[in-house]
Amino acid sequence: MFALRPLTGAAKQAKQLLRQEPMQAQQKRCMSGGGDDGVHRVNWWDAPSNPDVWHKHHLAWITAGIYGTVAWAVTGGGKKEAAAK
């Protein structure tokens, strides 16, 4: 008796999705972080004077290196103290 009942709206949509081609049935990944921002990104050594087009992970490594260098310089820079006589 329940099998003869017509399909509801959600069930009809699910049935249509299963009939579609695999590419059409895939969910769009909106928040996956792989989106294109429209800027052609290059390696930093290809355009060293233009950080606007560098790859983002290059900017992260360069920034980490700068912070590390500043922290090293502020904490003494590896200088050894002379032994007191």
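This report walks through the predicted model of one protein chain, from the overall fold down to a few residues.

Some ground rules come with it: residues are numbered from 1 along each chain as its sequence is written, and side-chain values use heavy atoms, with hydrogens and water left out. As the model is predicted, local features need pLDDT of at least 70 and side-chain atom pairs count only at pLDDT 80 or more, while totals for chains, interfaces and linings use all residues.

**The big picture**

The protein chain has three helices and zero strands, and from the N terminus on its elements run α-α-α. Helices (H or I, at least four residues) and strands (E, at least two) are DSSP runs, numbered from the N terminus. Of the 85 residues, 6% are buried. Here buried means under 20% relative accessible area, exposed means over 50%, and partly exposed is in between (1.4 Å probe, protein chains only). The accessible surface comes to about 8400 Å², and 60% of that belongs to carbon and sulfur atoms. Such areas come from the Shrake-Rupley method with a 1.4 Å probe; for residues, only the protein chains shown count as cover.

| Residue | Relative accessible area | Class |
|---|---|---|
| H58 | 10% | buried |
| R41 | 22% | partly exposed |
| W44 | 39% | partly exposed |
| V74 | 67% | exposed |

**Around H58 and the tryptophans**

H58 sits in helix α3 (residues 56–74). Not counting residues up to four places away in sequence, H58 touches V42, N43, W44 and W45; contact means heavy atoms within 4.5 Å.

Now for the rings. Rings of Phe, Tyr and Trp (its six-membered ring) pair if their centres lie within 6.5 Å; planes under 30 degrees apart are stacked, over 60 edge-to-face, and the rest tilted. That rule gives one aromatic pair. It is W44 with W45, edge-to-face, at 5.8 Å centre to centre and 80° between the planes.

V74, like H58, is found in helix α3.

**What does R41 touch?**

R41 lies in the loop between α2 (22–25) and α3. Leaving aside neighbours within four places in sequence, R41 contacts D52, V53, W54, H55 and K56. The C-alpha atoms of R41 and H55 are 5.3 Å apart, although 14 residues separate them along the chain.
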